[in-house]
Amino acid sequence: MKIVVVGAGALGAYFGARWQEAGQDVTFLVRPKRADQLRKNGLRIKSREGDYQLERPVLVEDAGEIQQADLVLLAVKGYHLEGTMEPLQVLVDKGAKVLPVLNGIEHISILQKRLGKDAVLGGLSFIISTLDEQGGVEHTSPFHDLVFGPLNPEQEEICREIAAASETANFSARWSEDIETDMWKKYMFITSFSGITTAADLPIGSIKKHPETFAVAKAMLEEMKQLANKKQVDLTDDHVEQATQQLNGLDDAATSSMHQDRRKGISLEVEHLHGGALRLAAKEQIELPTIRAIYGLIKPFA
Ligand SMILES: NC(=O)C1=CN([C@@H]2O[C@H](COP(=O)(O)OP(=O)(O)OC[C@H]3O[C@@H](n4cnc5c(N)ncnc54)[C@H](OP(=O)(O)O)[C@@H]3O)[C@@H](O)[C@H]2O)C=CC1
Ligand SMILES: CC(C)(CO)C(=O)C(=O)O
């Protein structure tokens, strides 16, 4: 399968390199600075699941240079989504389907409106990865999961191809039977986890030690469930309980990628995640008071 990675950062470079390692044909569509870094240093993965080094990743700076693409793995931050629309359109016109793995949900309808519903799959990822100063990927979590699924029945074929291409790759690939619900479950979890760790500027262990603070995280889960239900997505009390247990089960030092970005002093995805939830809530005429407060606390660092 011909795969193009748009967003060769901590997440995109990781999965792209793993596919390449498994013998797939992977091209990284990059901007000039990242291209220079990858040309100079190669693409290095440092991972508890096994290191991998790709001396000469296939790099392209103009989507027009790509002759053929079956799948685009889209892994940019929410605030960079708009800048990918032109190259994505070029690739979709060549027959590619787009698998977005951004956190959040707002990007799905934006992509569908711009590229057409047929072109956009559902997807998400569970991984903790970051870029080091040389642009190498550091993968530190015991999980590295890529979840994908069709948002309409015509996308079953490409899902079969993704499953086949990932079979021998060094990560866990899962074809979800209900990707919309899975994306909302992740959205509920990440809104709470990134919100509480980033606003408090503390890893999850310090949050768990203070029941008053953990209660804020729990309130965000409840509000996201309410929002999902308004959108006809069947998140339940059990899902909230599972997400609570997931928060409780994290290592004390674990923290969200948004909190890591706050520590690094770089842009935050709060507008895409918390802002996106508030915009959806306004359309549904409901209030999300805890999420609104957390959004307000994080915004100055965004
Ligand atoms: N990292 C993680 O552990 C996890 C991340 N996620 C989600 O995945 C998404 C990506 O996160 P992450 O990988 O951490 O982010 P990074 O910032 O590490 O990577 C994003 C990459 O996108 C590139 N990019 C931005 N715009 C364009 C463009 N127009 N064309 C080509 N490349 C572009 C950036 O390149 P440039 O250098 O040119 O700016 C950067 O390398 C986010 O939504 C995040 O929430 C989800 C689960 C875990
Ligand atoms: C919760 C986690 C680490 C799972 O992938 C994540 O998505 C993030 O912090 O952005």
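**View A. Val5 and its partner across two strands.** Val5 pairs up with Phe28 of β2 as its bridge partner. Strand β1 (residues 2–6) and strand β2 (residues 25–29) run parallel, and five bridges join them. Strands here are DSSP runs (E, at least two residues), numbered from the N terminus, as are helices (H or I, at least four). Bear in mind that this is a predicted model, where local features need pLDDT of at least 70, side-chain atom pairs count only at pLDDT 80 or more, and totals for chains, interfaces and linings use all residues. Residues are numbered from 1 along each chain as its sequence is written, while chains are lettered from A and ligands numbered from 1 in the order in which they are written.

**View B. The open sheet.** Five strands line up as β5-β2-β1-β6-β7, with parallel pairing; two strands pair if DSSP finds at least two bridges between them. At the edges sit β5 (58–60) and β7 (97–100), each pairing on one side only.

**View C. Around ligand 1.** The ligand has 29 residues around it, and the closest are Gly7, Gly9, Leu11, Leu102 and Asn103 (a residue counts if its C-beta atom, placed from the backbone, lies within 6 Å). Both α2 (32–41) and β8 give two or more residues to this shell, with β8 giving the most, five.

**View D. Where the domains meet.** The domain assignment, automatic or from a database, gives domain 1 (2–176) and domain 2 (181–301).
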